[in-house]
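Thanks for coming. I will take a few minutes to walk through one protein, starting with the whole chain and then going to a few parts of it. Please have a look at it first.

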Amino acid sequence: MRRFWRFALILTLTLLLGGLAYQYAWRPMQSRATPSAQEAQRAWLQQHGQIVIASQPNNAPFYFPSEAGIYGGFDQELIAGLALTLNADIRLIPMAIEDARAALSVGEIDGIMGQEPGPELAPFYAFTQPYLSNAQAIFVTAERLDVHSLSDLAGRSVAVVGNSPGAYLVQSNPAIHAVPVPSIQDGLSRLLSGEVEAFVGDELSSRNLIQRNNLSGLVKAVGEPLRRRGYAIAVRKNNTELLALLNSGLAALESNNVKDKIVRKWFGTMPTRASAIPDNWALWAGGGVLAFCLLAAASYSWIRSMSRKIDERTHKLRESEQRQRVLIENANDAIFSIHPADTGILEVNRKAEQFTGYRREALLHMRLSDLFPADSRERSVGRLQEVLLNGSGTFDDMVFVRQDGTRMDVDISASVIEFDRRKVIQILARDITERKEMERELLRRNRNLSALNAVSAVVGRSLELDEILDAALDVVLDVVGADMGAIYLFDDQTGNLVLRVYRGEPPVLAVQSQAFTEQEGCTTITASNGNVSQLAGAWWPQTAQPHLGSFVSTQLRAKDKLLGVMNVASRKQRWFTQEDADLLTAVANQISVAIENAMLFTELRTAIGDLFVIKQFNENVLQSMTNGLITVDLSGRITSTNIAAAKIIGYPREHLLGKPVHQVLVSSNGLQQILSETLHKGTPCSNYETVITHRDGHEIPIGLNTSPLRDNQGVVTGLLLVFSDLSEIKKIEEEKRKLDRLADLGEMAAVLAHEIRNPLGSISAGIQHLARKITDPSQQRAIQLILEETERVNRLIENVLMISRPPTLDLVPAQVSDIVENVLARWHGKAAERRVRITKNYAPGLGSCLVDPLRLDQALSNLISNALDAMPNGGDLRISVRKVRLIPEPAAAIEAAGKAHQDTVIGPEEWIRIEVADTGVGIPADKLPKIFEPFVTTKAKGTGLGLAITRRIVTDHRGNISVRSKEGVGTVFTIDLPLAA
């Protein structure tokens, strides 16, 4: 018998050890690395430091930002649990999939969440075991029992999200009526409203929406999931240490049910499949019964001996746990143990019940986040997530909301600890309400002191009454926390209060006073509605005014004199405390002193105001003069000058003061003699013209008058010099002379045209008649040359006539760029012969101009012909057409300018600018000012009429033409034409 029991014991122990070896050695080896592999993983983790994993952003409910910009979701909580399990620093960052794959390939990140293992990605990445599976599911209303698969949806309307896998499944079955919707939420809404009979879409996202909107009792998923796929973390192909590390962490989350809690939080309870029963169940059952019997018989005595030892150790553990419990229960701080995934409360001490006002049983069914105020709950949870990443943290700006609704300031210390064989966050909370109240009291006192200092600074830096009142009212409203205010002052003449400054709504704040009297030292006001209110130190939580919740008024007094009243109000119902009233009184005293000083200053300023105004007026007149004005003392030094004088001479005003007048008014024709006679003999001079040298060296013609300055006794103390720039007048005179010459040319041209064209026509007709009778080729060539010269003379006469008496223009709206393009098309061949490259630049949306296309064509042809002639050896011809904005200027000023174009011309503000630029020989500097005059040319065989004709055509179009040129560099002609109205 003993042999039998010994054999049974040995057999049972063998089976037991075999089962234990399978359970605790062989099976874990499938999901755990060997010790050496674990050491390699830990070494890699220690060397690598932080693990960075990317997840697709804005992908609710997996990874998405809150309104405060803090990212959260299923992926964030899974990574937080993984970091806690592995005791590793794992950070999840938002990144688009394409960017994440590129970053993973170069090692900028370590992994990508939410990747589906497949043959297309297998050559590039390694994948962890799937941490989540997803599928397409069929959703119907809770009462429907006739739908179990896609085939049951034939002939029914089914909502699908466009371009989703669910849409592909439904649309591949022509018997189902697919209804595309923009989102899952819209599909579920249509299902509940009865617009469709089913919805086919993403299972997890749909379950998340159903759970968040409490639709579990209204909507259900039916049938088998469709097209199920798993989500894994992708890492680089050769990163075996990280792959093994992540797999071990995911397996740990699976075994301790943390992952299951996270899944239930975001997607609800997921359907499960029944476990498969092994085929050899009978063998396993029989072996199990046999092993149990043998184990029970053989281990009975061993269990009895071991139970005594276990009882002893259990007793010691209970004593230790009891001592620990006593220490925790009697701690001065509230202690909470919370779940790291959802902040659910796992355990609390007695102090936590006193802190929160909740019973322990209620707290264990709550989350710690439920104790935070709603307006800061999300931020507070984010702080706890930092604890998960850092291992510990301390926060002194947290607030608990007690069961009775009161708020309590708390100082929190948090750390990650082991509890019940799992990692949790332990929270130690301490009530710091009294300390915070002391800090707030200190802040209030500092606020009051700062307010008084601010008012002192305001009233001390200015003597302007309105400025003082305006700034002081702003300070008062900011300190008291009111949103409306007004200051009224007495009018000495009428005896009534006058509104000087206000914020908010003055009719609401109005001291609608008809009488303002003093009675026994108290100031009262009788308002138009009949209410009598005491002003000094009066404040009410609620007033008769419909728009006011609270109101306070205080007097403004200085030396027992009532100056006015200051009213402060708020739309919210609140008490202005005694502290507010004391502060307002102190501020009012400071303002009153400042008001009195400002009034005295105003009286003083009024007394000297007339003299100041006269002086200012004289100064403004002098500085606004267009003529230059200089005063000189007896030593010949400048004592004062105006802006116009400094501008004409070219020196800054401060540079002129104290300078000898002969150093700034430099002239070579007797100016110094005239100034000396006026200064020393008192002889004035009128309408004297001379030429002075500008600071930059160019000469300026001026007209001047001099007068002696005398004192009260008539003694000359200096001289007054008034002068004006005659440059524009001289230019106008020169332009007039040019116009007179052109008029004479026109009259002469008309006479010559009449006297020459008739005989020239007869000569041309006779030669043509003679040409028909002569057959000798050499004589025919001579006759042809005569005809060509006759035609050239005729054209010359026509050009002269065009300058002297331009033809009437046929103006039509036209696109200038089209005319330019037509001209370039005709000259393209000649440009190619000259090896000239043509560059065109036409700005879009130019608009049209009123032009004569034929005449503008002629003007542009002249410019392009001249440009090609200036580049005999090739070069670049650039044509641009664009819109510019130019400042209008009187016509006389432009006619007087007679110089290269500037952005100040006659006409409207919007113009079309045509620029013709070449890289030719350029125009000599001596000929550039006269280049548009008739018979002025730089060509050996030119007539000098082309540019004159071009200028006449542009001028007749109310336009402007100018030229810039530099010898050896090139020339730029600019034409500005006004846009059509």
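By a contact I mean heavy atoms within 4.5 Å of each other. With that in hand, take the contacts in this protein with a separation of 6 or more: 60% of them are between residues 24 or more positions apart. Please keep in mind that this is a predicted model.

Now the overall numbers. The protein has 981 residues, and 40% of them are buried. Its secondary structure comes to 27 helices and 38 strands. The accessible surface is about 55,100 Å², and carbon and sulfur atoms hold 54% of that.

Helix 9 covers residues 258-267, and its buried residues are V258, K259, I262, V263, W266 and F267. Where do these buried residues fall when helix 9 is seen down its axis? They lie within an arc of 135 degrees, so they line one face of the helix. As for what covers the buried residues of helix 9, the list includes strand 2 at 64-65, helix 3 at 74-86 and strand 7 at 132-141. Helix 7 at 203-212 and helix 8 at 240-255 are also among the covering elements. After helix 9 comes G268, with a positive phi near 80 degrees.

The other one is helix 15, residues 465-480. This helix has 16 residues and spans 22 Å from first C-alpha to last, close to the 22 Å expected at 1.5 Å a residue. Its buried residues include L465, I468, L469, A471, A472 and L473. Further along helix 15, V475, V476, L477, V479 and V480 are buried as well. Just after helix 15, G481 has a positive phi of about 80 degrees.

Five strands form an open sheet in the order 26-25-29-28-27, and the pairing is antiparallel. Which strands stand at the edges? They are strand 26, residues 638-641, and strand 27, residues 685-693; each has a single partner strand, so one side of each has no neighbour in the sheet. On average, neighbouring strands here are turned by 30 degrees against each other, direction ignored. The antiparallel pair of strand 26 and strand 25, residues 628-633, is joined by three bridges.

Strand 36 runs over residues 910-918, and eight of its nine residues are buried, so to speak a mostly covered strand. Strand 36 pairs with strand 33, residues 875-885, in the antiparallel sense over nine bridges. In that region I879 is opposite V916 of strand 36. Strand 36 also pairs with strand 38, residues 970-978, again antiparallel, over eight bridges. There, W911 has P978 in strand 38 as its bridge partner.

Is N866 buried or partly exposed? Its relative accessibility is 23%, so N866 counts as partly exposed, given that buried means under 20%. N866 and G920 are 54 residues apart in sequence, with their C-alpha atoms 9.7 Å apart in space.

That is what I had to show.

Definitions and conventions. Residues are numbered from 1 along each chain as its sequence is written. This is a predicted model: local features need pLDDT of at least 70, side-chain atom pairs count only at pLDDT 80 or more; totals for chains, interfaces and linings use all residues. Side-chain values use heavy atoms; hydrogens and water are left out. Helices (H or I, at least four residues) and strands (E, at least two) are DSSP runs, numbered from the N terminus. The expected span of a helix is 1.5 Å times one less than its number of residues. Buried means under 20% relative accessible area, exposed over 50%, partly exposed in between (1.4 Å probe, protein chains only). The arc is that of the directions from the helix axis to the C-beta atoms. Two strands pair if DSSP finds at least two bridges between them. Axes are lines fitted to C-alpha atoms, for helices over the stretch in contact, and angles run from 0 to 180 degrees between N-to-C directions. Accessible areas come from the Shrake-Rupley method with a 1.4 Å probe; for residues, only the protein chains shown count as cover.
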